[in-house]
Amino acid sequence: AAHTREACRRLPRCMSSGSCTAQTAAAWLSAHLEDHVEAAADLNQYWYSASTIATLCDLVREQCFRSDHSCALDCAFLSTPSLFFALTPAERARSRVLDFDEALGVGEPGFVRYDFHEPTALPPALAGAFRCVVIDPPFITVDVWRRYIETARHLLQPSGGVVILTTVIENAGLLAETLGATPHTYLPSIPNLPYQYAL
């Protein structure tokens, strides 16, 4: 689901191309596949397919990155490292990836350790600093989503912003009620995930 204060209701043109970052995404996936095979079960990590990474990064570019720098930072990637690492270095410099897996932060200054059990236990400079938050929690339960929602509200600029998320369609009511998010017809591909996510 994607949401803005102006109620973003359509998928942008870039959603059909998915070509901007496909090579970068494929390279990132290939480089991290072996690193996380054993950790995946413990951390409930599943990677988007390369084409989904490219499509979602294009959406983030269209909705979030601006040249006016009216926010301290452009985008917070909550538990979505594959999207963050598919960005260009310049885009990563104006973004942060928040994740529990500290192995993802090695050599990456934009990494912030994040534990959803402590939704707002983050560096003070990140509060209200972002125009966009992208979310894909490791679990789809309502209690986990409520914590991610709290984090998103904590990170977004005071005037609001864009929230892009993936989850099962059964969470649509909660996300509409709390974030004003509505499902789109695009279905992200997450290989090996036993259920279908929606955007």
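Visitor: Which side chain is joined to that of Asp-74 by a polar contact of 3.1 Å?
Guide: In this predicted model, Asp-74 belongs to strand E2, residues 73-78. Beyond its neighbours within four places in sequence, Asp-74 is in contact with several residues, including Cys-64, Phe-65, Arg-94 and Phe-130. The polar contact of 3.1 Å links the side chain of Asp-74 to that of Arg-131.

Visitor: Why are helices H7 and H8 described as roughly parallel to each other?
Guide: Helix H7 spans residues 142-155 and helix H8 residues 172-179; their axes come within 11 Å. Angles under 35 degrees count as roughly parallel. H7 and H8 are therefore placed in that class, as their axes cross at roughly 25 degrees.

Visitor: How many nonpolar residues has the contact of H7 with H8?
Guide: From H7, Val-142, Trp-145, Arg-146, Ile-149 and Arg-153 take part, and they meet Leu-174, Leu-175, Thr-178 and Leu-179 of H8. By class, this contact has 2 charged residues, 1 polar residue and, as the number asked for, 6 nonpolar residues.

Visitor: What share of the contacts in the protein chain with a separation of 6 or more comes from residues 24 or more positions apart?
Guide: The protein chain contains 8 helices and 6 strands. Of its 199 residues, 56% are buried. Among contacts with a separation of 6 or more, the share from residues 24 or more positions apart is 69%.

Technical notes
Residues numbered from 1 in each chain as written. Predicted model: local features only at pLDDT ≥ 70, side-chain atom pairs only at ≥ 80, totals over all residues. Heavy atoms only, no water. Axes fitted to C-alpha atoms, helices over the stretch in contact; angles between N-to-C directions. Helix = DSSP H or I, 4+ residues; strand = E, 2+ residues; numbered from the N terminus. Parallel < 35°, antiparallel > 145°, perpendicular 65-115°, else oblique. Contact = heavy atoms within 4.5 Å. Nonpolar A, V, L, I, M, F, W, Y, C, P; charged D, E, K, R; others polar. Polar contact = N/O pair within 3.5 Å; in protein donor to acceptor, adjacent residues only side chain to side chain. Buried < 20%, exposed > 50% of the residue type's maximum accessible area, 1.4 Å probe, protein only.
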